[in-house]
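Please open the model in your viewer and keep the selection panel at hand.

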Amino acid sequence: MLLGCIGDDFTGSSDLGNTLVKAGMRTVQYCGVPQSPADPAVEAGVVALKSRSVPAAEAVALSLRALDWLRAQGCRQFLFKYCSTFDSTPAGNIGPVADALAKALGAAPVIFCPAFPAAGRTVFQGHLFVADRLLNESGMEAHPLTPMSDPDLRRCLAAQSGNGVGHLPAAQVWAGPQAARDRMMAEAHAGRPFVIADAIRDEDLMTLGRAAADLPLITGGSGIALGLPDNFRRQGLLAGNAESWRPQPGRSAVLSGSCSRATRGQVARHLANAQPALEVLADRVMTGEMTEDMAVGWALSQDGLPLIYSSADPAAVSAAQARFGRDPLAHRLEEFFAETARRLVAGGVTRLITAGGETSGAVVEGLSLGRLEIGPEIAAGVPAIRSGNDLVLALKSGNFGDEDFFARADALLAGRERTA
Ligand SMILES: Nc1ncnc2c1ncn2[C@@H]1O[C@H](COP(=O)(O)OP(=O)(O)O)[C@@H](O)[C@H]1O
Ligand SMILES: O=C(O)[C@@H](O)C(=O)COP(=O)(O)O
């Protein structure tokens with residue numbers, strides 16, 4: 001294994017796997033830290049953790065265990081993948097995890113770049129934009145678990161990290177890999193080893209990848225990985241033939257616990273298309289009026305593509321959180337989706353589409369999946385995934401995908417539609 005990656009959630013890890021496979025690296029996503037060694041043919045390993053919203057000390061411990069395993073597989077470089085919207089709070093977990101990984105690897109400077117231009121995320125003057133909006137006006141300010149109210153990534157990171165935070169401005173990125181590298185080294189020498197890097201185009205991410213060729217630790221969204229495979233390819237280390245894919249016949253279902261704007265649009269489209277949909281109201285789940293059994297019984301009796309969703313708008317989310325508490329509510333809803341997924345698969349579902357990072361993490365952990373093979377791209381940042389012989393999945397990040405994502409994902413997973 002050449003490149004060892006640690007993803008702080010499961011959708012994000014598949015997003016990263018998608019980038020690496022497209023750029024020609026044989027990539028496997030592992031659900032949690034594996035117990036046994038990797039297949040030697042794997043060139044990039046992504047250890048997916050559910051560490052984005054757990055207490056910081058737990059996220060650090062999990063990430064260091066993942067690092068130990070990846071080091072034992074011989075990795076030469078390490079990547080910490082977090083969200084392209086920098087999902088975190090002043091308590092972490094991006095800063096504390098990066099502090100621990102940098103210390104363990106003796107890494108300085110360390111790039112921080114969540115930019116993902118294909119999904120509209122760009123970093124300019126140290127600020128994060130989602131399309132033409134600053135992060136704090138993008139809808140992320142109302143996220144149920146990690147509301148993002150400050151678009152200045154230098155301030156966000158400084159609040160969470162024990163390391164000095166510097167900046168690599170766009171002008172130095174546009175001046176090429178050497179200029180970018182020089183600026184990062186200068187920042188590190190000035191006591192600011194954690195460097196927020198501007199990037200507004202894929203070309204900028206390619207430049208950053210090249211500038212980071214000999215850095216032990218890189219951090220960012222999936223975009224920061226765009227240029228890394230070329231570094232290994234230049235050294236003649238890649239075998240080629242990164243992707244293999246086989247669609248899956250059978251039944252499908254969609255589970256959505258994402259309350260993000262894009263997902264709510266996808267739910268609305270599904271309803272407008274008169275496809276079967278069951279709304280899981282937070283109150284009914286918390287009071288036990290709605291059970292997993294009811295949801296599964298409903299889904300298995302539907303024709304078409306059944307959608308079970310708790311996706312709700314910010315006002316409904318706030319009201320439910322005020323009533324039940326943010327964490328107990330999130331925990332119960334995630335448990336609901338995990339158990340529903342288990343029963344759906346036991347009941348014969350072979351294609352599962354999940355929306356939301358925490359939700360997808362709960363589902364994948366609930367299903368005790370181990371190793372995921374990354375297939376073709378369904379939408380920017382969302383690949384088709386295979387787990388063993390009988391199950392294929394799409395783990396959709398909350399804010400990814402067009403309005404027709406659910407139908408499109410199912411068609412691709414079933415082999416009714418070819419890749420983009
Ligand atoms: N109706 C709801 N009210 C409150 N919280 C909710 C509701 N539906 C889902 N949640 C919780 O909100 C969180 C959404 O996070 P996640 O699944 O990561 O979605 P996203 O990818 O959009 O961030 C989950 O913990 C989920 O359980
Ligand atoms: O980088 C991204 O935006 C995604 O890969 C990701 O991590 C999204 O997380 P969720 O929105 O919580 O699914």
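Begin by colouring the protein by domain: the domain assignment places domain 1 at 3–234 and domain 2 at 251–414. The model is a predicted one. A distance drawn between the C-alpha centres of domain 1 and domain 2 comes to 26 Å.

Next, select the residues at which the two domains meet. Here 27 residues of domain 1 are in contact with 29 residues of domain 2. Keep the domain 1 side of this selection displayed. Among its contributors are α1 (10–22) and β2 (27–31), each of which supplies at least two residues to the side that touches domain 2. Which element provides the largest share of that side? Select α1, from which nine residues come, the largest share of the side of domain 1 that touches domain 2. Colouring this side of domain 1 by residue class then gives eleven nonpolar, eleven polar and five charged residues.

Now move to ligand 1 and display the shell around it. The shell around ligand 1 comprises 25 residues, of which S258, S260, A330, G356 and G398 come nearest.

Select in turn the helices α12 (314–324), α13 (326–346) and α14 (357–366); each supplies at least two residues of the shell around ligand 1.

Technical notes. Residues numbered from 1 in each chain as written. Chains lettered and ligands numbered in written order. Predicted model: local features only at pLDDT ≥ 70, side-chain atom pairs only at ≥ 80, totals over all residues. Domains from an automatic or database assignment. Contact = placed C-beta atoms within 7 Å. Helix = DSSP H or I, 4+ residues; strand = E, 2+ residues; numbered from the N terminus. Nonpolar A, V, L, I, M, F, W, Y, C, P; charged D, E, K, R; others polar. Near = placed C-beta within 6 Å.
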